[in-house]
Amino acid sequence: MRQISGWLKAYGPAFLIIGLFLLVWQLYVELGSVSPNVLPSPTRIFSSLLSSWEILWDNTLQTLYETFIGFGVAFALGFLFAVLLDYSPLIKRGIYPLLIASQTVPLVAIAPLLIVWFGFDILPKIIIVWLVCFFPVTVGAVDGFAAVDPDTSRLFQAMGATRREIFWKLKVPSALPSLFSGIRIAITYSIGGAILGEYVGAEKGLGRLISLYSRSFSRSLVFAVVFITAILSLLLFIGVTLLQRRVMPWYFKMRGTGAGGRGNS
Amino acid sequence: MTEKLKITNLYKNYGKLSVLQDLSLEAAACEFVTLIGPSGCGKSTLFSILAGLETADAGQIWYDGQPFTPQPGKMAYMLQRDGLMPWRTALDNAVLGLELAKMPRQQAREKALGLFEAFGLKGFENSYPWQLSGGMRQRLALLRTVLTDKEILLLDEPFGALDALTRSSLQEWLLELQEKLRRTILFITHDVEEALLLSDRVYVLSQRPANLKAVQVVNLPYPRQPADPEFVRLKSHLLEILRPEVQNAAD
């Protein structure tokens, strides 16, 4: 019971606002007699969602598949890259600015090129998801590694710890809070990346559905896909947060007690 | 009395900056030796060298009468900041040194648990460091230091960041503990009273580059009283020696 009331307190306001928003939307469309081709009402979107459920679900799986692979690659490479940057200050100074500059390149410009280079298959989508996720994961890990307490590091050395032990027992745990912040950002954007890739050219996926439905003026189905996208991003975000609670329960307890800062001093 | 640790004519420079200059000192087995000197005079550099984190440019170190090259893991080293890891419980923090020395986990935990009571940490084995008070954190850091069974403890201002009350109770407690532990302790402080309360011998170091200004053997019985006339005399004597150093350092 206490848990339920806790959840209500935490998430009740968000649900209330979403509910109000949908209600106003519904009333605006019905009372203002807006054409459903311009703006479909929430109930209309919902009924399209139900009637086309199978095809939507099928394409959702495709998008999720691309997202997971792209994110997985981005996580693995981003982590390794961060280790490299942390290992060599010289490489860090040389490459970090490039990494930041790479983020200013608009993906809408890159996406069609990737299709030209790699075809309509799954690869260009994975690359786009990777491009979206790589930066936040890398920055999260690099900042995390840099946050290691220098005194604790000295202590490890004085106790005869090897570089490997310092890495796994000190650097990685120290980096986790920052790394997870990066992962949360990456995972939230990853679905959008996959959809962009599909939108430009694909045989399957939510992005392709958006392109298809837009051209056939099925507005309510476009909105249905948008709705699914939002739900997916939210679920992934929640998933990462739950994972973080499992991996570093101490962090949430520490923040819960208000035992300030990094608790490292 | 055989010397546990003997340092002769130690030099250390960082580039052109001379930090240790012809520094010699010694500590007998189970002796409590304090190094006192102005802030930034190079005391911590000496500990870094002894802990094997840095190398001296010149000089000799003797351990049990044998020439000795410091290496990590030979002496137990404790810094002013406790360096406790917030993701580990008190027990898991305590066993760090044993863990790095490859002692089996269960054995390390049992060994640590045996000392929690003496360190006033009983009942807090599964607490996280951020749930402990400043004094408890420092005792836990010392437990982690002591647990590795090194004969020589290097304590670099372990009580420097504590409030006066906690500090004074930890000083008393450390003396009681030393009765049982019987380790050779090198202790850095810049508090003259702390040095006189705790140690058998006080080395007064000059400002940087650190060399020896004076040695004072303290023959007062424990527990020592700061109001005791001899204590007061020694204190003003040491302060007198330190004063020009501190003033020069400030200039």
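Which loop holds Met248(A)? I'll come to that in a moment. One caution before we start: this is a predicted model.

So, Met248(A). Its place is the loop between α10 (219-247) and α11 (249-257) of chain A. Is this residue buried, exposed or in between? Met248(A) has 18 other C-beta atoms within 10 Å. Buried takes 20 or more, and exposed takes 12 or fewer. So Met248(A) is partly exposed. What does it touch? Leave out residues up to four places away in sequence, and Met248(A) touches Leu176(A) and Trp87(B). Now look at Pro177(A). Along the chain, Pro177(A) and Met248(A) are 71 residues apart. Their C-alpha atoms are separated by 8.4 Å.

Let's step back to chain A as a whole. Chain A has 265 residues, and 32% of them count as buried. It has 11 helices and 0 strands. Along the sequence, the pattern reads α-α-α-α-α-α-α-α-α-α-α. The C-alpha atoms fill a box of roughly 75 × 55 × 30 Å, taken along the principal axes.

Next, one helix pair in chain A. Helix α3, residues 53-87, packs against α6(A). The angle is about 35 degrees, and the axes are 7 Å apart. The crossing is right-handed. By class, the residues of this contact divide into 19 nonpolar, 4 polar and 3 charged.

In general, nonpolar side chains tend to be buried together in soluble globular proteins. Here, the largest nonpolar core has 121 residues. Which of them touch the most other members? They are Ala74(A), Val129(A), Cys133(A), Tyr77(B), Leu140(B) and Leu154(B). Helix α6 of chain A, residues 123-146, gives this core its largest share, 14 residues. Pick out Ala74(A). Set aside its neighbours within four places in sequence. Then Ala74(A) is in contact with Val129(A), Trp130(A), Cys133(A), Phe134(A), Val137(A) and Ala186(A).

Now the two chains together. How many residues are in contact across them? On chain B there are 19, and on chain A there are 20. On the chain B side, helix α3, residues 96-100, supplies the largest share, 3 residues. That side of chain B divides into 13 nonpolar, 5 polar and 1 charged.

Over to chain B itself. Start with helix α1, residues 43-50. Of its 8 residues, 7 are buried, so this helix is largely enclosed by the rest of the structure. Those buried residues are Lys43(B), Thr45(B), Leu46(B), Phe47(B), Ser48(B), Ile49(B) and Leu50(B). After α1(B) comes Gly52(B), with a positive phi near 85 degrees.

Next, a helix pair in chain B. Helix α5 covers residues 134-146, and helix α6 covers residues 164-181. Their axes come within 11 Å and cross at roughly 25 degrees. How do we describe that angle? Under 35 degrees counts as roughly parallel, so α5(B) is roughly parallel to α6(B). The crossing of α5(B) past α6(B) is right-handed. From α5(B), the contact uses Gly134(B), Gly135(B), Gln138(B) and Val146(B). From α6(B), it uses Thr166(B), Ser169(B), Leu170(B) and Leu181(B). By class, that contact has 3 nonpolar, 5 polar and no charged residues.

First, Gln106(B), in helix α4, residues 105-116, of chain B. Buried or exposed? Gln106(B) has 8 other C-beta atoms within 10 Å, so it is exposed. Gln106(B) and Arg243(B) are 137 residues apart along the chain, with C-alpha atoms separated by 51 Å.

Then Asp200(B), in the loop between α7 (192-198) and β9 (201-205) of chain B. With 16 other C-beta atoms within 10 Å, Asp200(B) is partly exposed. Not counting residues up to four places away in sequence, Asp200(B) touches Glu31(B), Phe32(B), Val33(B), Val217(B) and Val218(B). Pro129(B) is 71 residues from Asp200(B) along the chain, and their C-alpha atoms are separated by 32 Å.

That's the tour. Thank you.

Notes: Residues numbered from 1 in each chain as written. Chains lettered and ligands numbered in written order. Predicted model: local features only at pLDDT ≥ 70, side-chain atom pairs only at ≥ 80, totals over all residues. Core = buried A, V, L, I, M, F, W, Y, C linked by C-beta atoms within 7 Å. Helix = DSSP H or I, 4+ residues; strand = E, 2+ residues; numbered from the N terminus. Contact = placed C-beta atoms within 7 Å. Nonpolar A, V, L, I, M, F, W, Y, C, P; charged D, E, K, R; others polar. Axes fitted to C-alpha atoms, helices over the stretch in contact; angles between N-to-C directions. Parallel < 35°, antiparallel > 145°, perpendicular 65-115°, else oblique. Left-handed = near helix turned anticlockwise from the far one by under 90°.
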